[in-house]
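Keep the structure open alongside the text.

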Amino acid sequence: MCRSIKTLRPPVLPEEATEEDMRAAALQYVRKVSGFRAPAAHNREVFEQAVDEITEATRRLLDGLEVRGAARRSVSDAA
(Lines give C-alpha, C1' and ligand atoms only; values in the text may rest on other atoms or scores of the structure.)
Protein backbone atom coordinates (compact mmCIF):
# COMPACT_ATOMS: atom_id res chain seq x y z
CA MET A 1 0.00 0.00 0.00
CA CYS A 2 1.23 3.45 -0.80
CA ARG A 3 1.88 5.14 2.53
CA SER A 4 1.03 8.61 1.28
CA ILE A 5 -2.60 7.63 0.66
CA LYS A 6 -4.55 8.59 3.77
CA THR A 7 -7.83 7.24 5.09
CA LEU A 8 -10.65 9.44 3.80
CA ARG A 9 -13.57 8.37 5.98
CA PRO A 10 -14.78 9.51 9.37
CA PRO A 11 -13.74 9.37 12.12
CA VAL A 12 -10.17 9.30 10.76
CA LEU A 13 -10.83 12.40 8.66
CA PRO A 14 -12.65 14.94 10.83
CA GLU A 15 -14.81 16.22 7.98
CA GLU A 16 -15.98 14.85 4.65
CA ALA A 17 -13.27 14.16 2.11
CA THR A 18 -13.02 16.83 -0.54
CA GLU A 19 -12.69 16.34 -4.27
CA GLU A 20 -9.02 17.30 -3.87
CA ASP A 21 -8.51 14.64 -1.17
CA MET A 22 -10.05 11.96 -3.37
CA ARG A 23 -8.11 13.03 -6.47
CA ALA A 24 -4.82 13.13 -4.56
CA ALA A 25 -5.40 9.58 -3.31
CA ALA A 26 -6.32 8.42 -6.82
CA LEU A 27 -3.21 10.05 -8.26
CA GLN A 28 -0.99 8.35 -5.68
CA TYR A 29 -2.62 5.01 -6.47
CA VAL A 30 -2.12 5.39 -10.24
CA ARG A 31 1.48 6.47 -9.71
CA LYS A 32 2.14 3.43 -7.55
CA VAL A 33 0.48 0.93 -9.89
CA SER A 34 1.96 2.38 -13.09
CA GLY A 35 5.42 3.01 -11.67
CA PHE A 36 5.42 6.53 -13.16
CA ARG A 37 5.41 9.72 -11.14
CA ALA A 38 4.46 11.66 -14.26
CA PRO A 39 3.45 9.97 -17.50
CA ALA A 40 5.17 10.55 -20.80
CA ALA A 41 3.14 12.49 -23.35
CA HIS A 42 2.04 9.30 -25.12
CA ASN A 43 0.66 7.89 -21.81
CA ARG A 44 -0.84 11.08 -20.39
CA GLU A 45 -4.42 10.48 -21.60
CA VAL A 46 -4.72 6.95 -20.19
CA PHE A 47 -2.99 8.05 -16.96
CA GLU A 48 -5.43 10.94 -16.42
CA GLN A 49 -8.40 8.75 -17.36
CA ALA A 50 -7.36 6.25 -14.68
CA VAL A 51 -7.07 9.03 -12.09
CA ASP A 52 -10.55 10.31 -13.01
CA GLU A 53 -12.10 6.82 -12.82
CA ILE A 54 -10.49 6.02 -9.48
CA THR A 55 -11.55 9.40 -8.09
CA GLU A 56 -15.15 8.61 -9.07
CA ALA A 57 -14.94 5.09 -7.63
CA THR A 58 -13.60 6.58 -4.39
CA ARG A 59 -16.51 9.03 -4.26
CA ARG A 60 -19.02 6.19 -4.72
CA LEU A 61 -17.28 4.09 -2.08
CA LEU A 62 -17.23 6.87 0.52
CA ASP A 63 -20.85 7.81 -0.25
CA GLY A 64 -21.94 4.22 0.26
CA LEU A 65 -20.02 3.38 3.42
CA GLU A 66 -21.90 3.21 6.67
CA VAL A 67 -19.64 3.72 9.68
CA ARG A 68 -21.20 2.29 12.82
CA GLY A 69 -21.50 4.77 15.63
CA ALA A 70 -21.04 7.74 13.29
CA ALA A 71 -23.90 9.94 12.15
CA ARG A 72 -24.32 9.67 8.38
CA ARG A 73 -24.22 13.06 6.70
CA SER A 74 -26.29 13.57 3.62
CA VAL A 75 -25.43 16.07 0.91
CA SER A 76 -28.14 18.38 2.25
CA ASP A 77 -26.70 18.15 5.78
CA ALA A 78 -23.27 19.15 4.49
CA ALA A 79 -24.61 22.26 2.73
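Helix 2 gives 5 residues to the lining of the second largest pocket, the largest share. The model is a predicted one. In this pocket, the space amounts to about 230 Å³. Two elements give two or more residues each to its lining: helix 1 and helix 2. The lining has 13 residues, and those nearest the centre of the pocket are Leu8, Ala25, Thr58, Leu61 and Leu62. Two of these names return below. Ala25 is one of the buried residues of helix 1, and Thr58 is one of the buried residues of helix 2.

**Overall fold**

The protein has 3 helices and 0 strands. Read from the N terminus, the order of elements is α-α-α. There are 79 residues, and 18% of them count as buried. The accessible surface is about 6200 Å². Carbon and sulfur atoms own 54% of that surface. Take the contacts between residues at least 6 apart in sequence: 56% of them join residues at least 24 apart.

| Helix | Number of residues | First to last C-alpha | Expected span |
|---|---|---|---|
| Helix 1 | 16 residues | 22 Å | 22 Å |
| Helix 2 | 21 residues | 30 Å | 30 Å |

Helix 2 covers residues 44–64. Its span is close to the value expected at 1.5 Å a residue. Which residues of helix 2 are buried? They are Phe47, Val51, Thr55 and Thr58. Viewed down the axis of helix 2, these residues fall within an arc of 75 degrees, so they line one face of the helix. The spacing has a general background. An α-helix has 3.6 residues a turn, so residues three or four places apart point the same way. On the other side of helix 2, the exposed residues are Glu45, Val46, Arg60 and Gly64. The cover over the buried residues of helix 2 includes helix 1, residues 19–34.

Helix 1 also has a span close to the value expected at 1.5 Å a residue. Its buried residues are Asp21, Met22, Ala25, Ala26 and Val30. Down the axis of helix 1, they fall within an arc of 165 degrees, so they too line one face of their helix. The buried residues of helix 1 pack against helix 2. Glycine 35 follows helix 1. The phi of glycine 35 is positive, near 85 degrees.

**Contacts between the helices**

Start with valine 51, in helix 2. Why does valine 51 count as buried? Its relative accessibility is 1%, and buried means under 20%. Beyond residues up to four places away in sequence, valine 51 touches Arg23, Ala26, Leu27 and Val30. The C-alpha atoms of valine 51 and alanine 26 are separated by 5.4 Å. Along the chain, this pair is 25 residues apart.

Next comes threonine 55, also a residue of helix 2. Threonine 55 counts as buried, at 2% relative accessibility. Setting aside neighbours within four places in sequence, threonine 55 is in contact with Glu19, Met22, Arg23 and Ala26.

**Before helix 1**

Glutamate 16 sits in the segment before helix 1. Is glutamate 16 buried or partly exposed? Glutamate 16 is partly exposed, with a relative accessible area of 38%. Glutamate 16 and aspartate 63 are 47 residues apart along the chain. Their C-alpha atoms are separated by 9.9 Å.

Terms used
Residues numbered from 1 in each chain as written. Predicted model: local features only at pLDDT ≥ 70, side-chain atom pairs only at ≥ 80, totals over all residues. Heavy atoms only, no water. Helix = DSSP H or I, 4+ residues; strand = E, 2+ residues; numbered from the N terminus. Buried < 20%, exposed > 50% of the residue type's maximum accessible area, 1.4 Å probe, protein only. Contact = heavy atoms within 4.5 Å. Expected span 1.5 Å × (residues − 1). Arc of directions from axis to C-beta. Areas by Shrake-Rupley, 256 points an atom, 1.4 Å probe, with all protein chains shown as cover. 1 Å grid on protein atoms, 1.4 Å probe; cavity = no way out; pocket = protein on both sides within 12 Å on 5 of 7 lines; lining within 4 Å. Points joined across faces, edges and corners; volume = space filled by probe spheres on them.
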